[in-house]
Protein chains: 2
Amino acid sequence: MTEDAAGSVTAIVHAGGTHVLPLLGRVEDLLREVAASHGPVLAEHAGSTISAGGKRLRPLLVILASAGGDGDGLVRAAAAVELVHSATLVHDDVLDLAPLRRGRPTVFAVAGRAAATQTGDLLFARAFSLLARNDDPEQVRALSDAGSALARGELLQRADAWDATIPLARYLRRCELKTARLFEAACIMGALEGGAGVDGAEALREFGRRIGLAFQILDDVLDVEGPAERTGKHRGTDLLDGTVTLPFILARERDPELGAVDPRAIVTPAQAEEVCDRIAATGALVEARAIALEHVAAAKAVIPAALPERERAALLLVADNVVARYS
Amino acid sequence: MTEDAAGSVTAIVHAGGTHVLPLLGRVEDLLREVAASHGPVLAEHAGSTISAGGKRLRPLLVILASAGGDGDGLVRAAAAVELVHSATLVHDDVLDLAPLRRGRPTVFAVAGRAAATQTGDLLFARAFSLLARNDDPEQVRALSDAGSALARGELLQRADAWDATIPLARYLRRCELKTARLFEAACIMGALEGGAGVDGAEALREFGRRIGLAFQILDDVLDVEGPAERTGKHRGTDLLDGTVTLPFILARERDPELGAVDPRAIVTPAQAEEVCDRIAATGALVEARAIALEHVAAAKAVIPAALPERERAALLLVADNVVARYS
């Protein structure tokens, strides 16, 4: 987590009320307990993944969407969402052969392909074991549907790899599946643990969807924009993986030579940086960021008026925080 | 599925009553529907996995343990257990770089490492989406705990790899985790969909555990015993993977030279066959098979007397079928 992100999360936690920080602490305790409860092998692999942390944005959404809930069921729901997210990261790192995540060695790097694949499976299964204790099939449905969507989104992305002509609608569909659905699930699960009612829950789902889309689009902008010292990776890593995202899709309309680029011809970091510069020169990054901001504005507009003031304030900050990264 | 296995399954289905075959048909329909409901990418990958079939032993256990249930919830429970099983197979094939399963190309072989990993994730998530519709947290708990156990069992097995000195208790623990727990879950979920009551459900769980252990032990015996033309793989593939199983554990006590073998020195199929012959010469295969038969006898003894006669008869055949393979 970068310092400015940490600062933003602190502001959100503060706005959400004095109960939020203790709740996040209970979520951390539960995540550690899950990691420690399956023998030393898992503790070593999963413990490092879980404790590597991250912003805990999804558990925070569960907590805020519950509007004041503080039961053990809420803590389990928040931990379950984070476990599914962690499982996905562990599997992604295997497939990307990634040595580092958040500056720490990945499970793949430490334990190898097999142990990392199985650690991901285990974290996924543990999420549903935890959630089963909430005796609420709606929560199980929300999280398992999000888990399906994550896998489908990744499958689509690999199917689309190296295709410079993929339509905008296809890109947005991938964002829905691989990112927005889990944000939606976090909001729905929180609402179910709280008292938001059906209308409130649907509005919170839409909030989650919108900030999920904004989050993914901004991620894709930052991959092109850098700077590398802030994002922690070279500019253009998506292009090097053959992943065509919004900045390229917008830029190819403005720069026909860019539209003629074969992604397979981009093989060195220097070539990727050159394409990133061309994309930036078209103004596509400004436009993509504006699209992310539209989703943020729509998210803010849909926050239920019936929510307590502190949750409203905190969710507004969450929405702003999504696009405030490195800007 | 081999012909004699098919014959046995037919006998079990016949004993279980006229409602069993239509129920298995509904499970197949549901599995095909899941495979087809996520776009052409999944249909291609998962469809081939699911339609490759297998004995459907786990769905059959769900159906029989329900003692006459025939609702949609029962069909979903049976399909969910098979989806978790399939997800595990798809991931195992990625880790083993396996080109074929049941004589057909694996998802890994057809679609590659990434798509196969994600297809496994998707099948796993879909299992819980299906099961959530049963509105029964006990079923979700049973299946997610079994999913955790599967992953833990595989992790343990990889951690134990190449260690010729692993204790018997450790081997049995791995069998519990990687095989028996899903059989247990199948029985429990069936009992919950039927009317077995708490006592009946616990007895059926023990039945599942025992036949799961017998099933795994016999698999490990067949790996050493062959013949290759029946098992579909070379003798000693476990040894070549560094997996030390019951036949070796029993044989090393009887043949000190075998106990001194370094599994890492077994690198060619011919060397593996030679070690298999040495194991067989100690009588360890007879002893291992006897242990499997003890579990079968214990499974048969625990079948609840309160079950209808046709389910009792079918479960007795299931138990016998587990160790009747290739004998």
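In the predicted model, A:Leu97 sits in the loop that links helix 5 to strand 1 (100-101) of chain A. A:Leu97 is exposed, because 10 other C-beta atoms lie within 10 Å, and a residue with 12 or fewer counts as exposed. B:Leu97 is placed in the loop between helix 5 and strand 1 (100-101) of chain B. Its phi is also positive, at about 50 degrees, although B:Leu97 is not a glycine. B:Leu97 counts as exposed, with 10 C-beta neighbours inside 10 Å.

Cis peptide bonds are a further local feature. One runs from A:Gly226 to A:Pro227, with omega near 0 degrees. A:Pro227 belongs to the loop between helix 9 (197-225) and helix 10 (228-231) of chain A. In chain B, B:Gly226 and B:Pro227 are joined by a cis peptide bond with omega of about -5 degrees. B:Pro227 is in the loop between helix 9 (197-225) and helix 10 (228-231) of chain B.

The overall fold of chain A comes next. Chain A has 16 helices and 2 strands. Its radius of gyration is 19 Å, close to the 20 Å from the globule rule for 327 residues, so chain A is as compact as a globular protein of that length. Along the principal axes, the C-alpha atoms of chain A fill a box of roughly 55 × 45 × 35 Å. Of the 327 residues in chain A, 56% are buried. Among contacts in chain A with a separation of 6 or more, 74% are between residues 24 or more positions apart.

The two chains meet at an interface. On the chain A side 34 residues make contact, and on the chain B side 34 residues do. Four elements of chain A give two or more residues each to its side: helix 3 (39-51), helix 5 (72-96), helix 6 (107-132) and helix 7 (137-160). Helix 7 of chain A supplies the largest share, 14 residues. By class, the chain A side holds 17 nonpolar, 8 polar and 9 charged residues.

Leaving out residues up to four places away in sequence, A:Leu143 touches A:Ala80, A:Val81, A:Val84, A:Ala127, A:Leu131, A:Ala185 and A:Met189.

A:Ala77 lies in helix 5 of chain A. A:Ala77 is buried, because 33 C-beta neighbours lie inside 10 Å, where 20 or more are required. A:Ala77 and A:Leu143 are 66 residues apart along the chain, and their C-alpha atoms are separated by 9.2 Å. Beyond four places in sequence, the contacts of A:Ala77 are A:Val62, A:Leu131, A:Asn134, A:Gln139, A:Met189, A:Gly190 and A:Glu193.

B:Ser66 is in the loop between helix 4 (57-65) and helix 5 (72-96) of chain B. With 26 C-beta neighbours inside 10 Å, B:Ser66 counts as buried. Aside from residues up to four places away in sequence, B:Ser66 touches B:Leu74, B:Gly190, B:Ala191, B:Glu193 and B:Gly194. B:Ala159 is 93 residues from B:Ser66 in sequence, and the C-alpha atoms of the two are 37 Å apart.

Helix 15 of chain A shows how one helix is placed. Helix 15 covers residues 284-302, and its 19 residues should span 27 Å at 1.5 Å a residue. The end C-alpha atoms are 27 Å apart, which agrees. Its buried residues are A:Ala284, A:Leu285, A:Ala288, A:Arg289, A:Ala292, A:His295, A:Val296 and A:Ala299. These residues cover an arc of only 135 degrees around the axis, so they are on the same side of helix 15. An α-helix has 3.6 residues a turn, so residues three or four places apart point the same way. The face of helix 15 turned away from the buried side carries the exposed residues A:Val286, A:Ala290 and A:Ala301.

Terms used: Residues are numbered from 1 along each chain as its sequence is written. Chains are lettered from A and ligands numbered from 1 in the order in which they are written. This is a predicted model: local features need pLDDT of at least 70, side-chain atom pairs count only at pLDDT 80 or more; totals for chains, interfaces and linings use all residues. The radius of gyration is taken over C-alpha atoms; the globule rule is 2.2 Å times the number of residues to the power 0.38. Two residues are in contact if their C-beta atoms, placed from the backbone, lie within 7 Å. Ala, Val, Leu, Ile, Met, Phe, Trp, Tyr, Cys and Pro count as nonpolar, Asp, Glu, Lys and Arg as charged, and the others, Gly among them, as polar. The expected span of a helix is 1.5 Å times one less than its number of residues. The arc is that of the directions from the helix axis to the C-beta atoms.
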